Amino acid sequence: MAKSADWSCKCGAMRAQIEMDDGTRLICYCADCQAFARYAGSPEWLDAAGGSDLFQTTPHKVRITQGKEHLACVRLSNKGPLRWSASCCGTPFSNTLTTRQVPFASMQVNGLSDPDLA
């Protein structure tokens, strides 16, 4: 049985379930991740050194369970990834590439019900 964790935006209007049985947790310190946290109005989601706590998995392991209408997307640079957030409160949700050839979703660990699963 696959282990999963619930994800929620800050206001609770958007929720998702993430299968956690296969993936990699990492901290990303790139300027684009830092800019996205600030753009989304969530700079507190960066660690003290400016890193984003992410769980990389594949998109088919992510299921939005509530508030799909709040899903928003932005691309901060011409070559940057797609940055997904909850438009209701600006909570960063996920990062994906612009192509299906390399399917991955970097999920924001801060929104997980149990970050230790990542």
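User: How do S8 and strand S9 pair, and over how many bridges?

Analyst: S8 and strand S9 (residues 105–108) pair in the antiparallel sense, over three bridges. Threonine 96 stands opposite alanine 105 in S9. Strands here are DSSP runs (E, at least two residues), numbered from the N terminus. Two strands pair if DSSP finds at least two bridges between them.

User: Before we go on, what kind of model is this?

Analyst: This is a predicted model: local features need pLDDT of at least 70, side-chain atom pairs count only at pLDDT 80 or more, and totals for chains, interfaces and linings use all residues. Residues are numbered from 1 along each chain as its sequence is written, and side-chain values use heavy atoms, leaving out hydrogens and water.

User: OK. Which strand does S7 pair with?

Analyst: Strand S7 (residues 82–86) pairs with S8, antiparallel, over five bridges. Alanine 86 stands opposite threonine 91 in S8. The hairpin of S7 and S8 has four residues between the strands, and glycine 90 takes a positive phi near 80° there.

User: Why is S8 largely enclosed?

Analyst: Six of the six residues of strand S8 (residues 91–96) are buried, so the rest of the structure largely encloses S8. Buried means under 20% relative accessible area, with exposed over 50% and partly exposed in between (1.4 Å probe, protein chains only).

User: New topic. What order do the strands take in the open sheet?

Analyst: The order is S1-S2-S5, three strands with antiparallel pairing. S1 and strand S5 (62–66) stand at the edges with a single partner strand each, so one side of each has no neighbour in the sheet. S2 and S5 are joined by four bridges. Alanine 16 has isoleucine 64 in S5 as its bridge partner.

User: And serine 8, buried or exposed?

Analyst: Serine 8 counts as buried, at 18% relative accessibility. Serine 8 is found in strand S1. Its side chain makes a polar contact with the side chain of arginine 15 (3.4 Å). A polar contact is a pair of N or O atoms within 3.5 Å; within protein, one must be able to donate a hydrogen and the other to accept it, and residues adjacent in sequence count only if both atoms are side-chain atoms.

User: Last one. What does leucine 112 touch?

Analyst: Not counting residues up to four places away in sequence, leucine 112 touches Ala5, Asp6, Trp7, Ile18, Met20 and Ala118. Contact means heavy atoms within 4.5 Å.
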